[in-house]
Amino acid sequence: MKKVVIGIFLAMLLLIIVMLGYVKTALPNVGEAPDLTVVPTPEKVARGEYLANHVAVCIDCHSTRDWSKYAGPPMEGTFGKGGEVFDERFGFPGKYTSKNITPYGIGDWTDGEVFRAITTGVDRDGNALFPIMPAHYYGQMDKNDIECIIAYIRTLDPVEFEPEASKSNFPMNFIINTIPHSATFTDLPPATDSLAYGKYVITSAGCVECHSQVNKGQIIPGKEYGGGRPFPMGGGKVVVSANITPDKETGIGNWTKEAFIQLFRSHADSVSLNTTLAEGANNTVMPWTMYAGMTDQDLGAIYDYLQSIAPITNKVEKFKTVAE
């Protein structure tokens with residue numbers, strides 16, 4: 001009997017080793033990088049600049065943010081250099097550092113390799129990128145918009161900086177390989193179809209990721225856009241994402257479209273961009289100064305889409321102080 005138990009144990013152990021070996025060596029499997037050459041027309045570069053700075057906000061994570069100012073606007077001269085750290089302090093299962101996406105960092109990557117990284121979360125060497133880089137949303141965009149982003153980041157000033165390599169803790173160092181998946185592209189809807197267009201823009205911006213409660217990094221079904229996700233800001237300060245569903249008591253159900261747009265516009269003036277916060281003042285991870293550059297059309301479409309979803313009653317206390 002003892003030999004049988006030992007045999008079963010060894011068989012299970014061997015199976016686990018084989019499975020882990022498969023996950024570690026055979027995954028991620030999203031296919032080869034496409035054979036792609038992006039022609040950087042002025043129109044593509046302009047569209048990419050808009051998307052990377054004001055919708056998909058790639059520049060937000062791949063730059064140095066000035067946390068002495070409200071919403072941490074990216075600092076001049078650091079656009080695309082990478083180096084922002086997302087680690088255990090913020091609830092991540094490891095230490096993840098944004099990459100240098102200027103020509104210094106990815107100048108020798110092919111357009112296809114950059115395209116695959118943005119849309120599937122797999123780098124040029126076949127390594128999985130932790131989904132703080134929201135490839136699962138970018139992979140739902142129009143292919144042309146991704147090409148526009150590539151055209152734009154190719155124009156960034158090269159910044160000579162080598163970000164620290166990212167590292168996952170166990171067991172995420174295995175799980176991470178199972179996360180990337182093939183893209184499911186969509187066509188850019190006409191702006192006249194406000195709901196479809198609004199869904200496209202809000203997906204490209206990844207708003208649901210921050211404005212939903214999560215469990216072990218996964219959005220809790222039924223909590224989409226209901227707010228309540230906490231973000232530690234250091235010094236015991238915590239900012240909590242707002243409820244942006246059309247609930248009339250705890251969400252934005254009583255807001256007008258004009259008020260919604262104006263809230264973003266209010267963070268675009270020189271006062272918001274240049275005022276230094278008082279010591280100990282509340283701050284936020286929400287990149288207001290970047291989203292403030294979104295067009296009225298796009299912000300209005302987001303509003304229309306949000307007004308069409310199911311309301312969630314969830315009263316959020318925006319700022320909290322907790323013991324560290």
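## Cysteines

The disulfide count is zero, a disulfide being a pair of cysteine sulfur atoms within 2.5 Å. Cys210 is in no disulfide; its nearest cysteine sulfur belongs to Cys207, 8.4 Å away. Cys210 is partly exposed at 32% relative accessibility. Cys148 is buried at 2%. Buried means under 20% relative accessible area, exposed over 50%, and partly exposed in between, with a 1.4 Å probe and protein chains only.

## Model and overall fold

This is a predicted model: local features need pLDDT of at least 70, side-chain atom pairs count only at pLDDT 80 or more, and totals for chains, interfaces and linings use all residues. Residues are numbered from 1 along each chain as its sequence is written, and side-chain values use heavy atoms, leaving out hydrogens and water.

The protein chain holds 14 helices and eight strands. These are DSSP runs numbered from the N terminus: helices are H or I with at least four residues, strands E with at least two. Of the chain's 324 residues, 45% count as buried. Contact means heavy atoms within 4.5 Å. Among contacts with a separation of 6 or more, 68% join residues 24 or more positions apart.

## Helix α7

Helix α7 spans residues 143-153. Nine of its 11 residues are buried, including Asp145, Glu147, Cys148 and Tyr152. The buried residues pack against α2 (42-55), α3 (58-61), α4 (103-106), α5 (111-120), α6 (135-138) and α9 (194-205).

At the start of α7, a side-chain oxygen of Asp142 comes to within 2.8 Å of the backbone nitrogen of Asn144. A polar contact is a pair of N or O atoms within 3.5 Å; within protein, one must be able to donate a hydrogen and the other to accept it, and residues adjacent in sequence count only if both atoms are side-chain atoms.

## Nonpolar cores

A nonpolar core is a set of buried Ala, Val, Leu, Ile, Met, Phe, Trp, Tyr and Cys residues joined through side-chain atoms within 4.5 Å. The largest has 56 residues. Tyr138, Ile149, Ile153, Tyr225, Met294 and Leu306 have the most contacts inside it. Another core, of seven residues, lies apart from it; among them are Phe92, Tyr96, Ala128 and Phe130.

Ile153 touches Ile101, Pro103, Ile106 and Val114, not counting residues up to four places away in sequence.

## His62

His62 sits in the loop between α3 and β1 (85-86). His62 is buried, with a relative accessible area of 12%. Its side chain reaches the backbone oxygen of Lys99 at 2.8 Å. Not counting residues up to four places away in sequence, His62 touches residues including Phe79, Lys99, Ile101 and Met133.
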